[in-house]
Amino acid sequence: MADHLTQLKHDRAATTDLRLDSQTGNPTWYELSSFLVGDSPELAFALLTDITARRQSETECRQDRQYFEAIFDNLAGGVAIIDSQFVIQRANPAFARFFRCSPHAVVGRKCHEVIHSRVTPCQLHGEVCPIASCLVGGDTTRVQHRHVDADGRPHYQETTVAPLADDNGTIVSFVAMYSDFTEIKQAQEDSDAKSHQLEALNRELTVRQAQLAVQTAELEQTNAELVKLTGAKDDFVSMVSHELRTPLTAISEGINLIADGSLGPTNDQQTRFLKLAHRNCNRLGELINDLLDLSKIEAGRVDFRPARLDLFRVVNEIADTFRVLAHEKGLALESALPDAPVLVYADDRLVRRILTNLVNNALKFTDRGTITIAAVADGENVRVSVQDTGIGIPLAEQSRIFEKFHQVHHQDRGRPAGTGLGLALTRQMVAMSHGRIWFESREGTGTTFCFTLPLHPGNEEGKSDNAT
Ligand code: ATP
Ligand code: MG
């Protein structure tokens, strides 16, 4: 009050807002207006007005303004207030960042100048201006467009323009909000491109699937034909072999009878030719037998009777059989077996044929040295080996050695006698016995063929291997 009186005395009038705190805690505001009456400094007229409502609305207004400014300044999207002459009245920091200038520097400039670097409004350039549209329509307008910035980089932005009217309802300015959806757009474009690629891949896959279906059908048909042909081949081989065997036996016996003189004397030359014919008959017989066996095994028509078998006995018998032949060639034939009986679970006939084939080969392809038949226990199996000190198998030929009719042609020896069916047959017989067969060989040093036989029923080592 003291200040009020001082001012009254000095200016002859004074105005002061007074706050009166009540019990309820809500203050009441009064405006005290005083002025001196006449010339007397002692007489004054005072008017006390309740201005509580005005003070409250002023406080609310100030708060609203603070809220607005906090939101305006911190919005992630760019916001600008632009008047109907396209002049920017106010801009937030995001707007300034968006268009690469400071918020104060854009105020007072035309929006087309700041945003598009143009001196004239956008409509004159044939473009839709959301501010102009909003001015005409009076409603909030939203447009999306591609904007190229000062560095030539494309941006996708959405602009929303809302009209601001004066007390008479006349639109005087606009709130323009800018948001950049370049990243979303790019992600969308990427995903569109990917889905196009995916569709293309899908189409290709469908085509491939269709091709595959056709190929599968063709393969199935070929397979069926092959099965039929194999059956026909097997039947043919068995039929021809049977038909050949009977007359061949008759020819062989006939030749034998003449050769041994039972049907009358023959001279030396006749005897020599008859013996040659007899030997060839035997070879033909062996070939027929091999073919017949192979075709039977491949068709699964072999009588396979595994049982407990003493390998010690079998190996010694085979060794005895071939020892004479080996000595005739100047070779030693040895067997290396454990002292105790070696019992395997195998078919006696098959094991003998396997060993016969391998020892036969060893004899055939060895000119000096020793042939050794050995057997050692190897886990659940017995490993049998036939080792020679012969000519060996060239490395390049080793992968084909088990193929039917494949024989190695050595330059100095020519084509080996026989048909090249022995090892193919042997491999099949080892597989039937649930064993494995492989070999090691060095040209000029010798060869060792190994095969396994199970100790017990059900202990299958798998199919045979090629060279290891
Ligand atoms: P077949 O056994 O049908 O009378 P073959 O002995 O020639 O004829 P396989 O036993 O199948 O046929 O052998 C195929 C080829 O492998 C032989 O021709 C020979 O070239 C080579 N071969 C087999 N065993 C040996 C070995 N121990 N030493 C060197 N080469 C061998
Ligand atoms: Mg052979």
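How far does a backbone N or O atom of G420 lie from an oxygen atom of ligand 1? Select both and check: the distance is 2.9 Å. Keep in mind as you click around that this is a predicted model.

Next, show the side chain of T419: one of its polar atoms lies 3.0 Å from an oxygen atom of ligand 1.

Where is the ligand sitting? Ligand 1 is in the largest pocket. To see what builds the shell around ligand 1, colour α10 (348-364), α11 (422-432) and β15 (446-454), the elements that each give two or more residues to it.

Now select the shell itself. It holds 20 residues, and the closest to ligand 1 are N361, K364, Q407, L421 and L423. Colour the shell by class and you get 9 nonpolar, 9 polar and 2 charged residues.

Last stop: leave the ligand and look at the rings. The whole structure has 10 aromatic pairs. One of them is F35 with F45, a tilted pair with 5.2 Å centre to centre and 40 degrees between the planes. Show the strands too: F35 belongs to β2 (residues 28-36) and F45 to β3 (residues 44-50), so this pair ties together parts that are 10 residues apart in sequence.

Notes. Residues are numbered from 1 along each chain as its sequence is written. Chains are lettered from A and ligands numbered from 1 in the order in which they are written. This is a predicted model: local features need pLDDT of at least 70, side-chain atom pairs count only at pLDDT 80 or more; totals for chains, interfaces and linings use all residues. Side-chain values use heavy atoms; hydrogens and water are left out. A residue is near a molecule or strand if one of its heavy atoms lies within 4 Å of it. A polar contact is a pair of N or O atoms within 3.5 Å; within protein, one must be able to donate a hydrogen and the other to accept it, and residues adjacent in sequence count only if both atoms are side-chain atoms. On a 1 Å grid over the protein atoms alone, a cavity is a set of points where a 1.4 Å probe fits but cannot get out, and a pocket is an open set with protein on both sides within 12 Å along at least five of seven lines; lining residues have an atom within 4 Å of a point. A molecule sits in a cavity or pocket if more than half of its atoms lie within 2 Å of its grid points. Helices (H or I, at least four residues) and strands (E, at least two) are DSSP runs, numbered from the N terminus. Ala, Val, Leu, Ile, Met, Phe, Trp, Tyr, Cys and Pro count as nonpolar, Asp, Glu, Lys and Arg as charged, and the others, Gly among them, as polar. Rings of Phe, Tyr and Trp (its six-membered ring) pair if their centres lie within 6.5 Å; planes under 30 degrees apart count as stacked, over 60 as edge-to-face and the rest as tilted.
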